[in-house]
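Hi there,

Here is the structure I promised to pass on to you. Have a look at it first, and then read my notes below.

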Amino acid sequence: MKKYLFFMLCMGMCFAQAQNTEIATIHACAKGSENRTVRLYLEDAITKFQWKVDEQMIDENGCFQLSVELPQTQKAFIKIDFYQTYIYLEPDREYRIIYDSFNFRIDEQINPFRLDQFLSYRFEQPDSNELNRLIWRFENMFDDFLLNNYSDGISRERYHSFKNQIQQTFAYSGHDYFNNYWQYALADMERIFNLTSSGNLFSTYLDNKPILHENEAFADFITEFYAGYFPHQIRYNRNIFANQINRADNLTAIMDSLGRDTTLQNEKLRELVFLLGLREMYQGSEFNSSSILRLLSDIKSTTKFPEHTTLADYIIQTLQRYESGVNTAVFKFFDWEKNGLYDFSKSSKFKYVLFVNSLCQSCDVEISILQSVAEKFKDDVDFYIVNCDYEVGRALRNKPRNLQDITYLHFHKDFETLEKLGISDYPIAVWLDGNTIIQSYYFQLPSRGAERTIRQLLSE
């Protein structure tokens, strides 16, 4: 009998856990997007680092479904080709949205790199207390207030009147994420227009307050509040601090020294501020970038705060995104001659890859010069042109004539790889070593010294 009761209890617990899932699901229809690929990304509020969590093919009706398991409310991006939509997702919720009519066909009149357009959408069943609609309404009020008052100056009186208006307008909302969102957005307004002292801002919004890592407005506020803190505002000798950072041999001593600042007594806040500072210091001439990475790795492996383990990892990945030797993209472009994806790893030569498209006015010139460069270095370097026209037929029509010593490929609608390479315009050149590891994301173009640089690299 006891075994039976124990079994039933376990079954009940499992059922309860199954019922209490944390899956957020998006059902959407975007007319005109049929048979394209849609991707779902989550975004870290502090670093803006994004990672893909789902990918689906849009059906013949332009509809799709995406889902992700969430531990907390988080900002997400739905990407169709290069066009995107942001949406705040909450655990255990379903979203049914309809995109406004949009011409997804990328042709001579539509260049996604230059439009950088967000796709607008609406909810099938609008709910005034839904998080996205709350934020949209607040942002409209916020923008209108700035537009109507910026030229005359935002006084304390006008600001407090606006704050009261916000409180009254959204008094019905019991949504914690949103209530924190608007408060920290207004706190940032106070900071920008010097409506109160930094001491008052700290005591009101940070001192003994929860650290809301995934709240967008909190993340923006604390990032800007401590911008420039290192090394200019630390409470002890700057030279000693710089030496501590560049030695990177005693994280505990650094954290203890930072604790001299009475506003950084809270251990978790102090570590968060230091993480933000390391990200800034990485670009500073007085700090060794390798030491910064070592300290970030130390925090990642030793911190007692799980959020900071993740945050340190995102910062490291963000800082190193375009570093030589950090391979974040898989080359998988289409070869017409082979009628399949080209295998870049089959050759042990260096590789020069030029990305072009028909909307690029200077691409033809670069291709022409590249042919002469390829003829000189073909024994040591493989040369490629990757055409990024969406329409395959146009890419074929635009294939250069008498193309020798260069392999002509198509990007195969692989927008994800283009994003990882940071390609936002054309032409762009990428340099790979013999192991197909990216050595330069923005290599010299043929007309801007590529031949000289390639000769130098080969001599080394």
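How many bridges join strand S1 to strand S7, and do they run parallel or antiparallel? Strand S1 (residues 23–29) and strand S7 (residues 94–99) are joined by five bridges and run parallel. In this pair, His27 stands opposite Arg96 in S7.

Before going further, a word on the source: this is a predicted model, where local features need pLDDT of at least 70, side-chain atom pairs count only at pLDDT 80 or more, and totals for chains, interfaces and linings use all residues. Residues are numbered from 1 along each chain as its sequence is written, and side-chain values use heavy atoms, with hydrogens and water left out.

Some terms: strands (E, at least two residues) and helices (H or I, at least four) are DSSP runs numbered from the N terminus, and two strands pair if DSSP finds at least two bridges between them.

Now the sheet. Its four strands follow the order S4-S1-S7-S8, and it is open with mixed pairing. Strand S4 (63–69) and strand S8 (121–123) stand at the edges with a single partner strand each, so one side of each has no neighbour in the sheet.

There is also a hairpin to find. Strand S5 (residues 74–80) runs antiparallel to S6, and seven bridges join them. Ala76 stands opposite Ile87 in S6. Two residues lie between the strands of this hairpin, where Asp81 takes a positive phi near 55°. Strand S6 (residues 83–89) is mostly covered, with six of its seven residues buried (under 20% relative accessible area, with a 1.4 Å probe and protein chains only; exposed is over 50% and partly exposed is in between).

Enjoy exploring!
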